[in-house]
Amino acid sequence: MPVTTSWRRHLADEFARARPSPTAPSTVEARAIMTRNGWNGLCVPVDQGGLGLGWHEAGLLAKELGRALAPSDAEDTVVVAHHLARTAPASLPTVLRGETTAGLGFCPEEPDAPGVSYFCDNAPDLLLLLGTRARTLDIHRLPAQERISPSTRVVGVQLPADRPRQESPLGQTKAAALLLRSAHLLGLSLTALWGAVDRAGTRRQFGRPIGSYQALSFPLAGQRARLEGLRLAVDMQLLRLDDLPDRSSTPTGLEADAEGLLEATLSLARECVGHASQVFGAAGLAVDTIPATCYRQLLREESRTSTASPSTAPRSAASPPTAPRSTAPRSTALIAERHPAPTRQEPRALWDDGPPMARLASLFRERTLPSVNDTATSYPAGLCLHDLFERAALTYPDHPALLSSSGTLTYRELDARANRLAHLLRGQGTRPDAPVGICMERGRDAIVAALAVLKAGGACLFLDTGYPTERIAFMLRDSGAVAVLTHKRWLDRIPDLPVPVTALDQVRTVLDEQPNVAPPPLAAPRDLAYLIYTSGSTGTPKGVEVEHRNLTNRLYWDASEFELGPRDVVLQHTALGFDPSIWEIFAPLMSGAALAPVATGASDPRQLLRTMLTMGVTALTCVPSALDLLLEENDPALADVAGLRHIFCGGEELQPSLVRRLHRSGSQAVLHNCYGPSECSIDVTHWQCTAAEEQGEVPIGLPIGNVRVYLLDEKGEPVPAGRAGELYVAGAGVARGYRDRPELTAERFVPDPFTADTTARLYRTGDMARMREDGALVFLGRFDDQVKIAGHRVELGEIRSALEERPDVRTAVIRAADGRVNAYVVPADPETFDPDVLRSQLRGILPSHMVPSGIRAIADVPLTANGKVDYAALPPVSKNASKNASKSVSKSEGTAHRTAEESSGTEQRLVALAARVLGVEAMGISDDFFAAGGSSLHAARFITRVRNELGFQVDLATFLAAPTVKELAESCLNAAADTK
């Protein structure tokens, strides 16, 4: 049976909300509702102007129209439009726009026999006659005979036998039409049934509600059960139609079953309406009561459903029409026995309860514009990353490759340095798929090391020098690294492992003795290029294995799309180990562009802008929160970087307000919104922001070259445009999987049913998105508790695990909001619990962006009625975030801890600004900025505003060294004195 997925529930709600009330709509009104909502093309493929939905969804609509007591004429348009899309597409557009009304009729088996088709209220312009074949007639000029009885109004159109008719095969049209009539009658029956139930609870007889009498209540219960049984049977047959890959075919016997279901539904509808009349009594005879309205509509539907011939013209109220005769079995039980639910081929786990695998590809074609995944393009799939660099080095040997304050390296010089180090690594046992740790700051040596590792055949494992020693040790052990490259100053960060550790600044002489030519190649495109660790929901990080071919496709597309070349300079300022740094390093070096690494000051927006000016940067990649900081600066301003051509944003949701600020800043740079998980080689979609994105939503865009995207529901079925679904990625960018995590790899990297390649896989991103009519994707959020902090992917479960491993923590709840992480802790001993000590312990385990900004002790975790964490009931964390800091400082002498009111003028202004940046009510001048809820981005924003709003010229590094308002005030006063 069809699975009730979230988007189908939302669709059913939309159908229900569109029902007019309180009176039953006419045919004209119902058709207007259909046209206004675009439902005429419900089952028409998207590329023909429809919605690309199936017959099951059409059944939901038919049931709601029946419940609204609307004529079935309106839903006939859905069937006719589907038929025209297959047989006469030129006639389709006017039907979809409602300019041409369309209807259905059932004709006798004799193809040339005359007949009469009946319609409620108004005859359509175009008639589709269904018999042994489908015949389309233009009937808007045929005379219509109106028949009005005391209870209903029906319009009949006499169809001459010699009228020209356009014939076509039936396909699924007749079976679908019969099933939708059944669904419509089921809705009408439900309206009669629930009206009777309501009346039975309010009408009293002998002092009791009549609903308490079994003679009335038992039939109502029986009718409800039988209606549900018929609904399931109708849904089963609609699903049989939807499961067929070929929309022009119909399963054997389904038309006969549909006729049988229609007769059974008509019979039950008569019973429901008749019993509702009994429950209402004499009051039910009034014109606008539920029984009377249902009865009139039922007579119309009986007239329309009867076989079109003169003998089945509408009857008067005194002579109810008989149901159409059929040779098909009349019992739904027999139908189910003859035609059980289709047996599917053994599906993959994701699609156990969804449509057959063969149907998925055709569903996607019907529901998505063909251009969305038409991304095939040529790229050097047979080359590795270092091969692309070596080609650039041959083309531009004397062009600058690395720019820094200490000098410039040409492509020839950079290639030679990387070759010498590659020989050293090869001698230490570096081989394909073997990671080599690179633990050093951004700069020349880091770039040389990355290229050398690839030339030696290994895979890069970047180790951020800011990571805790314990995390670096885990990454080296878990990855199975065969060597580590570092500098002398970082040797104490490297654990004692049985692998060679080389400090590059200590082996200059040894490197000078190595050959300048590249070692014999070992790596192939399907070997690992790099290994990057991301936060893990189970408490431990997971290593994503990215192959050369994955990143080669991404970088080659970039170079072609954005015309990166020798005139460009790309800034390398993101932390090594954060996957945008991979793009910053390799995108320019395969294009002949220059790379400008920022060794220090990358977190200070002013320093960053000055570096961009000095180096002549033309391309910048950053998270939106970093762009926000750059736009706040004015000395220099972003617009002063005159050569800046491209700004690539990703890692966080890009807001329209930020797009508007950039466009109004005076900068000539083009803003690009990019999206992609680490498991798909940095980015998989792209969107160039224009003025349109200043006011509305900012899409994450369309897939890049050789990448395909799919939005699937809970059971793996493609969702229609405009509906929310989980984003899946396929194609050249999909990584190999997770390092030594086969179960997790199988869970997240699933077989790809949309291609004939049996080895292809889809990556389940866990991100929720919807597709616009133009095919662009819009990010909606996450399905789980993963969040983005300063562009970094953070699993809150890993932070919780780290907290609950502490002996002084009984349990913890983690919550992320406004770009920061807060922790609520139930301590083992509330008397001795110290949040600052706990935070200090976490800094030795977790990266800085994962350490909670605020930690608050709570007595118990608040729960909802169903046992889940009640996040709304959690108290503000900032009220005791700096509790220990306040206690310790209060013990010191004098004015070591003063409130804002007691502070000097400078301190007062600084502490007010700090509180505003952090979003807290108040803080003391000696409170630690980070303990009060700050992050590195908050600190950068605070210092920028100190410069712009208060006029103090201080460095971010100074504040980071002593992050209190008291110390900053002293620095500000000293800077002001120096200026004088």
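**Salt bridges, a helix and a sheet**

Start with Arg-8 and Glu-57, whose side chains form a salt bridge with N and O 2.5 Å apart. By salt bridge I mean a side-chain nitrogen of Lys or Arg within 4 Å of a carboxyl oxygen of Asp or Glu. This pair links distant parts of the chain: Arg-8 is in helix α1 (residues 6–17) and Glu-57 in helix α3 (residues 55–67), 49 residues apart. Helices here are DSSP runs of H or I, at least four residues, and strands are runs of E, at least two, both numbered from the N terminus. Arg-8 and Glu-57 are both buried; buried is under 20% relative accessible area, exposed is over 50%, and partly exposed is in between, with a 1.4 Å probe and protein chains only.

A word on the source: this is a predicted model, where local features need pLDDT of at least 70 and side-chain atom pairs count only at pLDDT 80 or more, while totals for chains, interfaces and linings use all residues. Residues are numbered from 1 along each chain as its sequence is written, and side-chain values use heavy atoms, with hydrogens and water left out.

Arg-723 sits in the loop between β25 (707–712) and β26 (725–731), 709 residues from Glu-14. Glu-14 counts as partly exposed because its relative accessibility is 27%. Arg-723, at 15%, counts as buried.

Next, Glu-798 and Arg-471, with their closest N and O atoms 2.9 Å apart, form a salt bridge. Glu-798 is in helix α23 (residues 796–804) and Arg-471 in helix α15 (residues 469–479), so the pair ties together parts 327 residues apart in sequence. Both Glu-798 and Arg-471 are buried.

There is also a network of salt bridges, linking Asp-628, Glu-632, Arg-661, Arg-941 and Arg-945. The count by this rule is 42 salt bridges.

Now the sheet. Which order do its strands take? It is an open sheet of 3 strands, β33-β34-β35, with mixed pairing; strands pair if DSSP finds at least two bridges between them. β33 (809–817) and β35 (854–857) are at the edges with a single partner strand each, so one side of each has no neighbour in the sheet. β33 and β34 (residues 820–827) run antiparallel, joined by 8 bridges. Within that pairing, Ile-814 stands opposite Ala-823 in β34.
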